[in-house]
Amino acid sequence: MSTALQNVDERTQLAGTNRFELLLFRLGKDPKSSEREIFGINVFKVREALVMPKITPMPGAPQHVIGVASIRGQIIPVVDLPSVVGCVPQELKILLVTEYERSIQGFAVEDVEEIRRLDWNRVISAETSAAGSLVTSLARIDEDAENSRLALVLDVEQVLRMVLPARFHAGDEMQHAPEVKIPPGSVVLYADDSAVARSQIEKTLKHLQLPFIATKTGKEAWERLEAMAREARATDIPIRNRVALVLTDLEMPEMDGFTLTRKIKEHDLLQNVPVVIHSSLSGSANESHANSVGADGYVAKFVPEELAQTLSRALESGENA
(Lines give C-alpha, C1' and ligand atoms only; values in the text may rest on other atoms or scores of the structure.)
Protein backbone atom coordinates (compact mmCIF):
# COMPACT_ATOMS: atom_id res chain seq x y z
CA MET A 1 0.00 0.00 0.00
CA SER A 2 2.76 2.45 0.92
CA THR A 3 4.52 1.63 -2.36
CA ALA A 4 1.37 2.43 -4.31
CA LEU A 5 1.19 5.85 -2.71
CA GLN A 6 4.83 6.83 -3.17
CA ASN A 7 5.84 9.61 -5.53
CA VAL A 8 2.32 10.93 -5.97
CA ASP A 9 3.66 13.91 -7.91
CA GLU A 10 4.60 11.54 -10.74
CA ARG A 11 0.92 10.85 -11.23
CA THR A 12 0.42 14.40 -12.50
CA GLN A 13 1.49 13.08 -15.89
CA LEU A 14 -2.18 12.12 -16.25
CA ALA A 15 -3.12 15.81 -16.27
CA GLY A 16 -4.79 16.84 -19.50
CA THR A 17 -5.49 13.23 -20.54
CA ASN A 18 -8.90 13.24 -18.80
CA ARG A 19 -7.68 10.40 -16.58
CA PHE A 20 -7.02 10.17 -12.86
CA GLU A 21 -6.32 7.65 -10.12
CA LEU A 22 -8.86 6.78 -7.48
CA LEU A 23 -7.89 5.33 -4.11
CA LEU A 24 -10.57 2.78 -3.17
CA PHE A 25 -11.36 2.00 0.46
CA ARG A 26 -14.03 0.50 2.73
CA LEU A 27 -15.82 2.14 5.64
CA GLY A 28 -17.74 -0.86 6.96
CA LYS A 29 -21.30 -2.08 6.77
CA ASP A 30 -24.19 0.19 5.84
CA PRO A 31 -26.90 -0.50 8.47
CA LYS A 32 -29.68 0.10 5.93
CA SER A 33 -28.45 -2.29 3.24
CA SER A 34 -25.96 -4.47 5.17
CA GLU A 35 -23.57 -3.89 2.25
CA ARG A 36 -19.90 -2.88 2.54
CA GLU A 37 -19.78 -0.26 -0.19
CA ILE A 38 -16.61 0.88 -1.94
CA PHE A 39 -15.66 4.52 -1.46
CA GLY A 40 -13.10 6.56 -3.35
CA ILE A 41 -10.90 9.64 -3.11
CA ASN A 42 -8.57 11.13 -5.73
CA VAL A 43 -4.98 9.99 -5.09
CA PHE A 44 -3.83 13.61 -5.48
CA LYS A 45 -5.58 14.44 -2.21
CA VAL A 46 -3.80 11.66 -0.30
CA ARG A 47 -0.35 12.29 1.16
CA GLU A 48 0.01 8.78 2.55
CA ALA A 49 -1.87 5.83 3.98
CA LEU A 50 -0.70 4.42 7.31
CA VAL A 51 -1.54 1.57 9.62
CA MET A 52 -3.60 3.31 12.30
CA PRO A 53 -1.19 5.21 14.59
CA LYS A 54 -1.79 6.10 18.22
CA ILE A 55 -4.74 8.48 18.52
CA THR A 56 -4.88 10.94 21.41
CA PRO A 57 -8.47 11.82 22.38
CA MET A 58 -9.22 15.54 22.73
CA PRO A 59 -11.84 16.70 25.26
CA GLY A 60 -14.49 18.82 23.58
CA ALA A 61 -13.51 17.71 20.08
CA PRO A 62 -16.20 18.12 17.37
CA GLN A 63 -18.49 15.20 16.64
CA HIS A 64 -16.80 12.59 14.40
CA VAL A 65 -13.30 13.77 15.42
CA ILE A 66 -11.80 10.93 17.46
CA GLY A 67 -8.67 12.82 18.46
CA VAL A 68 -5.33 13.87 17.05
CA ALA A 69 -2.28 12.00 15.77
CA SER A 70 1.36 12.97 15.42
CA ILE A 71 2.35 12.34 11.80
CA ARG A 72 5.95 13.15 10.87
CA GLY A 73 6.13 15.77 13.57
CA GLN A 74 2.80 17.42 12.70
CA ILE A 75 -0.30 17.16 14.90
CA ILE A 76 -3.38 16.55 12.77
CA PRO A 77 -7.07 15.97 13.58
CA VAL A 78 -8.37 12.47 12.86
CA VAL A 79 -11.89 12.14 11.47
CA ASP A 80 -13.88 8.94 11.98
CA LEU A 81 -15.05 8.73 8.37
CA PRO A 82 -17.36 5.72 8.82
CA SER A 83 -19.33 7.59 11.49
CA VAL A 84 -19.67 10.61 9.18
CA VAL A 85 -21.32 8.56 6.43
CA GLY A 86 -23.21 6.25 8.79
CA CYS A 87 -21.26 3.01 8.30
CA VAL A 88 -20.24 0.53 11.00
CA PRO A 89 -16.65 -0.73 10.63
CA GLN A 90 -15.27 -3.90 12.16
CA GLU A 91 -12.11 -1.95 13.00
CA LEU A 92 -10.49 1.34 11.99
CA LYS A 93 -7.27 -0.06 10.53
CA ILE A 94 -5.97 2.63 8.19
CA LEU A 95 -5.38 6.38 8.41
CA LEU A 96 -5.53 8.34 5.14
CA VAL A 97 -3.51 11.53 5.56
CA THR A 98 -5.00 14.09 3.18
CA GLU A 99 -4.25 17.61 2.07
CA TYR A 100 -7.18 19.89 1.38
CA GLU A 101 -7.45 23.67 1.17
CA ARG A 102 -3.86 24.02 2.40
CA SER A 103 -4.52 21.99 5.55
CA ILE A 104 -3.64 18.46 6.61
CA GLN A 105 -6.04 16.03 8.28
CA GLY A 106 -6.48 12.30 8.68
CA PHE A 107 -9.43 10.09 7.77
CA ALA A 108 -9.76 6.85 9.74
CA VAL A 109 -11.12 4.07 7.46
CA GLU A 110 -11.73 0.37 7.78
CA ASP A 111 -9.42 -0.78 5.00
CA VAL A 112 -7.82 0.25 1.71
CA GLU A 113 -8.51 -1.83 -1.39
CA GLU A 114 -6.40 -0.55 -4.32
CA ILE A 115 -5.64 2.36 -6.60
CA ARG A 116 -7.54 2.28 -9.89
CA ARG A 117 -6.73 4.42 -12.94
CA LEU A 118 -9.90 5.66 -14.63
CA ASP A 119 -11.11 7.99 -17.37
CA TRP A 120 -13.21 10.87 -16.06
CA ASN A 121 -15.95 9.83 -18.50
CA ARG A 122 -16.47 6.76 -16.28
CA VAL A 123 -17.45 9.09 -13.44
CA ILE A 124 -20.99 10.44 -13.28
CA SER A 125 -22.45 13.17 -11.12
CA ALA A 126 -24.29 11.92 -8.04
CA GLU A 127 -26.53 14.98 -7.67
CA THR A 128 -29.37 13.40 -9.63
CA SER A 129 -29.06 10.10 -7.77
CA ALA A 130 -30.05 9.10 -4.26
CA ALA A 131 -26.41 8.79 -3.20
CA GLY A 132 -26.68 11.56 -0.63
CA SER A 133 -25.11 14.96 -0.08
CA LEU A 134 -21.73 13.57 1.00
CA VAL A 135 -21.14 11.85 -2.34
CA THR A 136 -20.16 14.04 -5.26
CA SER A 137 -19.98 11.37 -7.96
CA LEU A 138 -20.14 7.66 -8.81
CA ALA A 139 -17.23 5.93 -10.53
CA ARG A 140 -17.54 2.78 -12.64
CA ILE A 141 -14.56 0.76 -11.46
CA ASP A 142 -14.71 -2.03 -14.05
CA GLU A 143 -14.56 -1.99 -17.85
CA ASP A 144 -17.99 -3.60 -18.27
CA ALA A 145 -20.26 -0.55 -18.02
CA GLU A 146 -23.41 -2.61 -17.51
CA ASN A 147 -22.08 -4.77 -14.68
CA SER A 148 -19.38 -2.56 -13.21
CA ARG A 149 -19.00 -2.08 -9.50
CA LEU A 150 -19.56 1.51 -8.39
CA ALA A 151 -17.34 3.51 -6.08
CA LEU A 152 -18.89 6.35 -4.10
CA VAL A 153 -16.59 9.36 -4.52
CA LEU A 154 -16.85 11.46 -1.39
CA ASP A 155 -17.33 15.22 -1.43
CA VAL A 156 -14.33 15.98 0.77
CA GLU A 157 -15.23 19.68 0.81
CA GLN A 158 -18.63 18.91 2.28
CA VAL A 159 -17.28 16.37 4.79
CA LEU A 160 -14.61 18.67 6.21
CA ARG A 161 -16.82 21.73 6.39
CA MET A 162 -19.44 19.69 8.21
CA VAL A 163 -16.99 18.05 10.64
CA LEU A 164 -14.53 20.94 11.16
CA PRO A 165 -16.65 24.05 10.56
CA ALA A 166 -14.46 26.45 12.56
CA ARG A 167 -11.41 25.40 10.58
CA PHE A 168 -12.94 25.71 7.12
CA HIS A 169 -15.54 28.48 7.45
CA ALA A 170 -13.28 31.03 9.12
CA GLY A 171 -11.95 32.53 5.90
CA ASP A 172 -15.09 32.35 3.78
CA GLU A 173 -16.04 36.01 4.03
CA MET A 174 -14.32 38.48 1.74
CA GLN A 175 -12.88 41.49 3.51
CA HIS A 176 -11.39 43.50 0.65
CA ALA A 177 -12.69 43.05 -2.88
CA PRO A 178 -10.83 44.44 -5.91
CA GLU A 179 -12.85 46.28 -8.54
CA VAL A 180 -13.44 43.86 -11.39
CA LYS A 181 -15.02 44.93 -14.66
CA ILE A 182 -16.12 42.82 -17.61
CA PRO A 183 -17.75 43.79 -20.92
CA PRO A 184 -21.47 44.62 -20.58
CA GLY A 185 -23.59 41.58 -21.35
CA SER A 186 -20.77 39.10 -20.73
CA VAL A 187 -20.58 36.56 -17.91
CA VAL A 188 -18.15 34.45 -15.92
CA LEU A 189 -18.79 30.76 -16.61
CA TYR A 190 -17.65 28.43 -13.84
CA ALA A 191 -17.57 24.66 -13.44
CA ASP A 192 -17.47 22.77 -10.13
CA ASP A 193 -19.11 19.50 -9.11
CA SER A 194 -19.20 20.26 -5.37
CA ALA A 195 -22.31 22.00 -4.04
CA VAL A 196 -20.24 23.52 -1.23
CA ALA A 197 -17.69 24.92 -3.68
CA ARG A 198 -20.42 26.31 -5.94
CA SER A 199 -21.93 28.16 -2.99
CA GLN A 200 -18.52 29.64 -2.11
CA ILE A 201 -17.78 30.67 -5.68
CA GLU A 202 -21.16 32.28 -6.18
CA LYS A 203 -20.81 34.26 -2.96
CA THR A 204 -17.51 35.65 -4.23
CA LEU A 205 -18.81 36.42 -7.73
CA LYS A 206 -21.85 38.19 -6.30
CA HIS A 207 -19.60 40.21 -4.00
CA LEU A 208 -17.62 41.25 -7.10
CA GLN A 209 -20.92 42.02 -8.89
CA LEU A 210 -20.03 39.63 -11.71
CA PRO A 211 -22.89 37.86 -13.53
CA PHE A 212 -22.22 34.16 -13.96
CA ILE A 213 -23.33 30.87 -15.47
CA ALA A 214 -22.94 27.82 -13.21
CA THR A 215 -22.09 24.36 -14.55
CA LYS A 216 -21.41 21.16 -12.61
CA THR A 217 -18.99 19.30 -14.88
CA GLY A 218 -16.31 20.08 -17.41
CA LYS A 219 -18.44 18.49 -20.12
CA GLU A 220 -21.42 20.68 -19.29
CA ALA A 221 -19.17 23.76 -19.29
CA TRP A 222 -17.68 22.81 -22.66
CA GLU A 223 -21.11 22.29 -24.22
CA ARG A 224 -22.25 25.71 -22.98
CA LEU A 225 -19.08 27.35 -24.30
CA GLU A 226 -19.45 25.69 -27.70
CA ALA A 227 -23.03 26.98 -27.92
CA MET A 228 -21.92 30.49 -26.96
CA ALA A 229 -19.16 30.35 -29.56
CA ARG A 230 -21.63 29.34 -32.28
CA GLU A 231 -23.95 32.20 -31.30
CA ALA A 232 -21.08 34.68 -31.30
CA ARG A 233 -19.99 33.54 -34.75
CA ALA A 234 -23.54 33.68 -36.14
CA THR A 235 -24.17 37.19 -34.79
CA ASP A 236 -20.64 38.48 -35.40
CA ILE A 237 -20.35 39.49 -31.74
CA PRO A 238 -16.91 39.13 -30.08
CA ILE A 239 -16.86 36.04 -27.86
CA ARG A 240 -15.44 38.10 -24.97
CA ASN A 241 -18.71 40.07 -25.05
CA ARG A 242 -20.48 36.82 -24.19
CA VAL A 243 -18.07 35.05 -21.84
CA ALA A 244 -15.45 37.15 -20.07
CA LEU A 245 -13.71 34.34 -18.18
CA VAL A 246 -13.94 30.63 -17.36
CA LEU A 247 -13.32 29.42 -13.80
CA THR A 248 -12.92 25.67 -13.47
CA ASP A 249 -12.30 23.03 -10.84
CA LEU A 250 -9.91 20.18 -11.68
CA GLU A 251 -11.74 17.10 -10.41
CA MET A 252 -15.08 16.76 -12.19
CA PRO A 253 -17.18 13.94 -13.65
CA GLU A 254 -17.05 13.33 -17.40
CA MET A 255 -14.34 15.92 -18.16
CA ASP A 256 -11.67 17.31 -15.86
CA GLY A 257 -10.54 20.92 -15.65
CA PHE A 258 -7.22 20.33 -17.41
CA THR A 259 -9.01 18.83 -20.41
CA LEU A 260 -11.60 21.61 -20.43
CA THR A 261 -8.83 24.24 -20.39
CA ARG A 262 -6.92 22.54 -23.21
CA LYS A 263 -10.05 22.33 -25.38
CA ILE A 264 -10.80 26.04 -24.81
CA LYS A 265 -7.25 27.05 -25.72
CA GLU A 266 -7.33 24.91 -28.88
CA HIS A 267 -10.64 26.40 -30.08
CA ASP A 268 -10.24 29.07 -32.76
CA LEU A 269 -12.83 31.42 -31.23
CA LEU A 270 -12.52 30.62 -27.51
CA GLN A 271 -8.74 30.53 -27.22
CA ASN A 272 -8.46 34.14 -26.01
CA VAL A 273 -10.99 33.69 -23.21
CA PRO A 274 -9.05 33.70 -19.89
CA VAL A 275 -9.24 30.45 -17.92
CA VAL A 276 -8.55 30.24 -14.18
CA ILE A 277 -8.18 26.83 -12.50
CA HIS A 278 -9.57 26.75 -8.95
CA SER A 279 -8.77 23.58 -7.06
CA SER A 280 -8.28 21.99 -3.65
CA LEU A 281 -5.41 20.03 -5.23
CA SER A 282 -2.37 22.05 -4.23
CA GLY A 283 1.25 21.68 -5.26
CA SER A 284 3.65 23.07 -7.83
CA ALA A 285 3.15 20.10 -10.16
CA ASN A 286 -0.53 20.97 -10.64
CA GLU A 287 0.31 24.62 -11.27
CA SER A 288 2.91 23.56 -13.82
CA HIS A 289 0.37 21.40 -15.66
CA ALA A 290 -2.16 24.24 -15.53
CA ASN A 291 0.39 26.39 -17.35
CA SER A 292 1.11 23.62 -19.85
CA VAL A 293 -2.53 23.46 -20.97
CA GLY A 294 -2.71 27.26 -21.30
CA ALA A 295 -4.47 28.31 -18.08
CA ASP A 296 -4.26 32.03 -17.32
CA GLY A 297 -4.28 31.51 -13.56
CA TYR A 298 -4.25 28.88 -10.82
CA VAL A 299 -5.61 29.46 -7.32
CA ALA A 300 -5.99 26.98 -4.46
CA LYS A 301 -9.33 26.76 -2.63
CA PHE A 302 -10.64 28.58 -0.75
CA VAL A 303 -9.65 32.13 0.14
CA PRO A 304 -12.14 34.63 -1.36
CA GLU A 305 -9.61 37.48 -1.61
CA GLU A 306 -7.11 35.28 -3.46
CA LEU A 307 -9.81 34.04 -5.84
CA ALA A 308 -10.93 37.62 -6.50
CA GLN A 309 -7.39 38.85 -7.09
CA THR A 310 -6.63 35.94 -9.45
CA LEU A 311 -9.81 36.62 -11.44
CA SER A 312 -8.92 40.31 -11.63
CA ARG A 313 -5.39 39.60 -12.90
CA ALA A 314 -6.62 37.11 -15.50
CA LEU A 315 -9.27 39.52 -16.80
CA GLU A 316 -6.75 42.34 -16.95
CA SER A 317 -4.28 40.13 -18.78
CA GLY A 318 -7.02 39.07 -21.21
CA GLU A 319 -7.85 42.68 -22.04
CA ASN A 320 -4.21 43.38 -22.85
CA ALA A 321 -3.79 40.23 -24.96
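These are my notebook entries on a predicted model of one protein chain.

**Ground rules**

I count residues from 1 along each chain as its sequence is written, and I leave hydrogens and water out of side-chain values, which use heavy atoms. Because the model is predicted, I take local features at pLDDT of at least 70 and side-chain atom pairs at pLDDT 80 or more, while totals for chains, interfaces and linings use all residues.

**Entry: overall make-up**

I looked up the secondary structure of the chain and found eight helices and 16 strands. Both are DSSP runs numbered from the N terminus: helices are H or I with at least four residues, strands are E with at least two. I then checked burial. Of the 321 residues, 54% are buried. Buried means under 20% relative accessible area, exposed over 50%, and partly exposed in between, with a 1.4 Å probe and protein chains only. Next I looked at contacts, meaning heavy atoms within 4.5 Å. Among contacts between residues at least 6 apart in sequence, 64% join residues at least 24 apart.

**Entry: the mixed sheet**

I traced an open sheet of six strands, in the order β8-β1-β2-β11-β10-β9, with mixed pairing. Two strands pair if DSSP finds at least two bridges between them. The edge strands are β8 (111–119) and β9 (123–125), and each pairs on one side only. Neighbouring strands here are turned by 35° against each other on average, direction ignored. For such angles, axes are lines fitted to C-alpha atoms, for helices over the stretch in contact, and angles run from 0 to 180 degrees between N-to-C directions. Inside the sheet, β1 and β2 pair antiparallel over five bridges. Leu23 has Ile41 in β2 as its bridge partner.

**Entry: around β5**

I followed β5 (74–80) next. Five of its seven residues are buried. On one pairing, six bridges join β5 to β4 (65–71), and the two run antiparallel. Val68 has Pro77 of β5 as its bridge partner. The hairpin of β4 and β5 has two residues between the strands, and Arg72 takes a positive phi near 50° there. β5 also pairs with β7 (103–109), in the parallel sense over three bridges. Asp80 stands opposite Ala108 in β7.

**Entry: the parallel sheet**

I found an open sheet of five strands, β13-β12-β14-β15-β16, with parallel pairing. β13 (212–215) and β16 (297–300) stand at its edges with a single partner strand each, so one side of each is left without a neighbour in the sheet. Neighbouring strands are turned by 20° against each other on average, direction ignored. β15 (275–279) and β16 pair over four bridges. Ile277 has Tyr298 in β16 as its bridge partner. Helix α6 (257–266) packs on this sheet and touches β14 (243–248) and β15; the direction of α6 makes about 180° with that of β15.

**Entry: cavities and a pocket**

I worked on a 1 Å grid over the protein atoms alone. A cavity is a set of points where a 1.4 Å probe fits but cannot get out; a pocket is an open set with protein on both sides within 12 Å along at least five of seven lines; lining residues have an atom within 4 Å of a point. Points are joined across faces, edges and corners, and a volume is the space filled by probe spheres set on them.

I counted four cavities of 30 Å³ or more. β2 gives the most, three residues. By class I got eight nonpolar, six polar and eight charged residues. Ala, Val, Leu, Ile, Met, Phe, Trp, Tyr, Cys and Pro count as nonpolar, Asp, Glu, Lys and Arg as charged, and the others, Gly among them, as polar.

I also checked α2 itself. Six of its eight residues are buried, including Glu157 and Arg161.

The second largest pocket has a volume of about 210 Å³. Its lining includes Asp30, Lys32, Phe39, Cys87 and Leu152. By class this lining has five nonpolar, one polar and three charged residues.

**Entry: Ser312**

Is Ser312 buried or exposed? Ser312 counts as buried, because its relative accessibility is 15%. I placed Ser312 in helix α8 (304–320). Not counting residues up to four places away in sequence, Ser312 touches Pro178, Glu179 and Val180.
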